[in-house]
Amino acid sequence: MSTFQGLEIAKTGLFASQQALNLTGHNISNANTPGYTRQVIDLSAIAPPTTYGMADQWGKAIGGGVNVDGYRQIRDQFLDQQYRRENTTLGEWETKSDTLSAIEGILNEPSDTGITTVLDNFFNSLQDLSKNPESLEVRAEVRENGISLTDTINTIYQHLDDQENQINSTIQSRVQEINSYAEQISKLNNEIYRFELTGQTANDLRDQRNLLVDKLSEIVNINTYEDSNKNFRVDISGQALVDGNNAYTMSIDNTGTIKWDLAGTPVNPTGGILKGLLDMRDGDGTNGVKGIPYYKQQLNQFAYNLATVFNAQHSKGYGLEIDSSTGTYITNVNFFNITDSTYDPTVEYAKNIQVSSDILADDGLQKIAAASDPNSLPGDNTNVLNLIALRDTKISGLNNGTLDDFISSLISNLGVDAQQANQMQTNQSTMVKQVDYNRQSVSGVSLDEEMTNMLKYQKSYEASARMITVMDELLDTLINKMGVT
């Protein structure tokens, strides 16, 4: 047994306490760093030597002090996975909630400029016309309210188009963001692998990678795992986005489909912001997914049936204008410009509906067909009464509902969808906060705990230093004072 073993033992304690204090300072410094995981020092006793002759004079051997085995992160993989899973769902419902709220703002119901109000104004002007069918002033009011109705439909449809284009731009940005995260994670994988070849653990680099994975989980559904060779992989629906130091990018083709650049196959997200954006861009009501295409289709259906039914009745009536070639009152005039005999789901009726050119012409006011009997002109109002009755007529093309029923149902369904999305967003936000709180309680830095550790390691350092002083005094007595007379 060495005479100086006590110094060596104390030295290891001094070094270990110093490293522990350094790590405590590192934790405290990063208490507010996003994604940082608190670290602890792993210590172990140095076993006594087993070599023959290394025991003391009593045949006993003592340990060699303390060894610093490494620095370990405190993370709970289950909580990490749960957080990312709930964060993915939150991203999807936040996106849907925002988009449906925007659609509610576009329809703007109830309001003085909403479609319900302008439809009221249009039929109210027809009521006025029924009381004074020969008045050009009232006819002008009918025409202007008809223009206001079609303009409102056009504007709503255009705003839905704009919202759809905005979503496309956002999808493009999110795809680029995913690619960027994939590149960063793959580079970190390479750095972590090279660093850990030395036998150390790249805790801070792993924190950076975990933070990127957390952010990525909000955009798209992901699965992550690390194999026994420390190869870290990120999958989207079974397809590798990152595999070790390889990143696999994606892009959007001319049809708006997101595809893997290498494989050329579609990317099929099942959650996250990207799933919410795609549902809102492509949802036509199939499988209950109602996005912008669904509401555009509903608006097209309304515009087509409004124009078709109204034109069918209007064209039966007579206006005040006489055909100079025949000397008879003009009939068979359409009020709106839509004349398709059957509904075509590929045609943007709501975008194109207008008051017909015949009614917009200089003599168009006289072509408004208020009468059913040319012999009763100019005071006949029977056709305009039939036009007014259309408002309460059940129309097969509107799901056997009236014009008002269809619009009310559309607005009501939108309200229900938006309320559901808002509720899901609120619930998911609460869930994510709770899981994150649980995760931070495990992985986060507690300043109170670190202050306690600081005092503990400080006292340990002082004790080791004192031990060295004691050993120095013992050796001084042994070397300098024994045998001195």
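1. Asn332 is found in the loop between strand 10 and helix 8, where helices (H or I, at least four residues) and strands (E, at least two) are DSSP runs numbered from the N terminus. Although Asn332 is not a glycine, its phi is positive, at about 60°. The residue is exposed, with a relative accessible area of 61%; on this scale buried means under 20% relative accessible area, exposed over 50%, and partly exposed in between, for a 1.4 Å probe and protein chains only.

2. This is a predicted model, in which local features need pLDDT of at least 70 and side-chain atom pairs count only at pLDDT 80 or more, while totals for chains, interfaces and linings use all residues. Residues are numbered from 1 along each chain as its sequence is written, and side-chain values use heavy atoms, with hydrogens and water left out.

3. Ser237 also is not a glycine and has a positive phi, of about 50°. Ser237 sits in the loop between strand 4 (232-236) and strand 5 (239-243), and a relative accessible area of 39% makes Ser237 partly exposed.

4. Two cis peptide bonds deserve a look. One runs from Glu109 to Pro110, with omega near -10°, and Pro110 is placed in the loop between helix 2 and helix 3. Another joins Leu377 and Pro378, with omega about 10°; Pro378 belongs to the loop between helix 9 (357-360) and helix 10 (382-389).

5. Helix 2 can be checked for its span. The expected span of a helix is 1.5 Å times one less than its number of residues, so the 31 residues of helix 2 (residues 77-107) should span 45 Å, and this agrees with its end C-alpha atoms, which are 45 Å apart. At the N-terminal end, Asp76 caps helix 2 through a side-chain oxygen that lies 3.0 Å from the backbone nitrogen of Phe78. After helix 2 comes Asn108, whose phi is positive, near 55°.

6. The largest pocket has a volume of about 380 Å³. Of the 18 residues lining this pocket, the closest to its centre are Gly70, Tyr71, Gln200, Thr201 and Asn203. Pockets and cavities are found on a 1 Å grid over the protein atoms alone: a cavity is a set of points where a 1.4 Å probe fits but cannot get out, a pocket is an open set with protein on both sides within 12 Å along at least five of seven lines, and lining residues have an atom within 4 Å of a point. Grid points are joined across faces, edges and corners, and a volume is the space filled by probe spheres set on the points. Strand 2 gives the most to the lining of the largest pocket, with 5 residues. The lining of the largest pocket divides into 4 nonpolar, 10 polar and 4 charged residues, where Ala, Val, Leu, Ile, Met, Phe, Trp, Tyr, Cys and Pro count as nonpolar, Asp, Glu, Lys and Arg as charged, and the others, Gly among them, as polar.

7. The second largest pocket has a volume of about 300 Å³. Among its 14 lining residues, Gln77, Arg206, Asn210, Glu226 and Phe232 are the closest to the centre. Helix 2 supplies the largest share of this lining, 4 residues, and by class the lining has 2 nonpolar, 5 polar and 7 charged residues.

8. The count comes to 1 cavity of 30 Å³ or more. The largest cavity is lined by Leu107, Glu109, Ile115, Ile156, Leu299, Ile407, Leu410 and Ile411, and helix 11 (residues 403-443) gives the largest share of that lining, 3 residues. By class, the lining of the largest cavity holds 7 nonpolar, no polar and 1 charged residues.

9. A search of the whole structure finds 12 aromatic pairs. In the pair of Phe122 and Phe336, the ring centres are 6.2 Å apart and the planes are at 55°, so the pair is tilted. Rings of Phe, Tyr and Trp (its six-membered ring) pair if their centres lie within 6.5 Å, and planes under 30 degrees apart count as stacked, over 60 as edge-to-face and the rest as tilted. Both Phe122 and Phe336 are buried. The rings of Phe302 and Phe406 have their centres 6.4 Å apart and their planes at 10°, so the pair is stacked. Phe302 lies in helix 7 (residues 292-314) and Phe406 in helix 11, so the pair ties together parts that are 104 residues apart in sequence. Phe302 is buried, with a relative accessible area of 0%, and Phe406 counts as buried at 4%.

Note on methods
Polar contact = N/O pair within 3.5 Å; in protein donor to acceptor, adjacent residues only side chain to side chain.
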